[in-house]
Amino acid sequence: MVGVGLATADMVCVAPRIDERLVELSVFSIQGGGSAATALATAAVLGAKARFFGRLGDDDFGRFVLGGLSGVGVDTGLVSVEPGKFSPVSLVHIDELTRRRRILFTRGSISPPLPADLPPRLLDSAALLVIDGYQPALQAALAEKARAKGITVLLNAGHLTGGMGELLALSDIVIGSERFASEFAPSDDVGKSLREMTRIGPRIAVITLGEAGAVALEDRKLVQQEAIDVFVADTTGAGDVFCGAFGYASLQGWPLERALPFANAAAGLTCRSLGAQSALPKLGEVLAAMNGG
């Protein structure tokens, strides 16, 4: 599996409503984040071979992100590191009482990589490409190369951004958040939204629905899956974990009826802890959870 897109250093905190000049945090954590990076980290923890490409600065945050990905087995040897630049960072504030999140994000000062910057060996031996709509021109160029090589393209669509339509048309699988579905194909009928998404190009469309689970369409086959029963500490990155787990299931050749509950269980398990990558589940945990264990 190869992933191209966003990798961030996430500073995650739990605090009361911030209405004072000085607020003491009850919980604080720094960990890796970003849609593409979290999906790849998930797949690697589950046992897949994963390779990430993106651009980071040579600052402490960039080194932290690379170290975290390498630590779970993601190949970061082709990542572009730009000297003297700041890496992308997210500040995630979770309200102590409501558990609602507020995310402040910066792309840093790195130069966006261009299609000409894609490493020639990036897709070597790959069976699946994960893209996330971050830097769409770059990802469209890579998706075209992947399709020419017969590599499955999976689009992790968190929200509707410029260039997303082209990426959707180049994808074999799209996993859209409820927000993306409402923006791209607004309808009270989830099945209709899924059909609209597949009409653009993907053969499989999935909509994640948070605590309501997920629903997917392949050809005329509609599959629905309830969320697992788990204590929810934080939902940061759950959709990206879902994407990584669904990608893993796709690599195994599992049918939609097995891939959807597997990805749904993985996403649920990651909500047990604060942040996107602090509680990435192992394969045995996910299999047990999807079977009611």
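Colleague: Okay, how do strand 10 and strand 11 pair, and over how many bridges?
Modeller: In this predicted model, strand 10 and strand 11 run in the parallel sense and share four bridges.

Colleague: Where does helix 3 sit, then?
Modeller: Helix 3, residues 136–148, packs on the sheet and touches strand 1, strand 4, strand 10 and strand 11. Its direction makes about 165° with that of strand 10.

Colleague: What about the other partner of strand 10: in which sense does strand 1 pair with strand 10?
Modeller: Parallel, over three bridges. Val4 is the residue standing opposite Ile131 in strand 10.

Colleague: Which way do the side chains of strand 10 point?
Modeller: Leu128 and Val130 point one way, Leu129 and Ile131 the other, and all of them are buried. In a regular strand, side chains alternate between the two faces of the sheet.

Colleague: Zooming out, what's the strand order of the sheet?
Modeller: The sheet is open, with nine strands in the order 6-4-1-10-11-12-13-14-15 and mixed pairing. Strand 6 (74–75) and strand 15 (221–225) are the edge strands, each pairing on one side only.

Colleague: And how do strand 12 and strand 13 pair?
Modeller: Also in the parallel sense, over five bridges. Ser177 has Thr208 of strand 13 as its bridge partner.

Colleague: New topic: helix 8. Which strands does helix 8 lie across?
Modeller: Strand 13, strand 14 and strand 15, and helix 8 runs at about 25° to strand 15.

Colleague: Is helix 8 largely enclosed or open, and why?
Modeller: Largely enclosed by the rest of the structure, because 13 of its 15 residues are buried.

Colleague: What span should helix 8 have?
Modeller: At 1.5 Å a residue, its 15 residues should span 21 Å, and the end C-alpha atoms are 21 Å apart, so the two agree.

Colleague: Last one, the core. Which residues have the most contacts inside the largest nonpolar core?
Modeller: That core has 52 residues, and the ones with the most contacts include Phe52, Ile175, Val206, Phe242 and Leu260. Helix 8 supplies the largest share, nine residues. Apart from that core lies another one of 33 residues, among them Leu118 and Ile207.

Colleague: What does Phe242 touch, leaving aside its neighbours within four places in sequence?
Modeller: Its contacts include Ile175, Val206, Thr208 and Leu260.

Terms used
Residues are numbered from 1 along each chain as its sequence is written. This is a predicted model: local features need pLDDT of at least 70, side-chain atom pairs count only at pLDDT 80 or more; totals for chains, interfaces and linings use all residues. Side-chain values use heavy atoms; hydrogens and water are left out. Two strands pair if DSSP finds at least two bridges between them. Helices (H or I, at least four residues) and strands (E, at least two) are DSSP runs, numbered from the N terminus. Contact means heavy atoms within 4.5 Å. Axes are lines fitted to C-alpha atoms, for helices over the stretch in contact, and angles run from 0 to 180 degrees between N-to-C directions. A nonpolar core is a set of buried Ala, Val, Leu, Ile, Met, Phe, Trp, Tyr and Cys residues joined through side-chain atoms within 4.5 Å. Buried means under 20% relative accessible area, exposed over 50%, partly exposed in between (1.4 Å probe, protein chains only). The expected span of a helix is 1.5 Å times one less than its number of residues.
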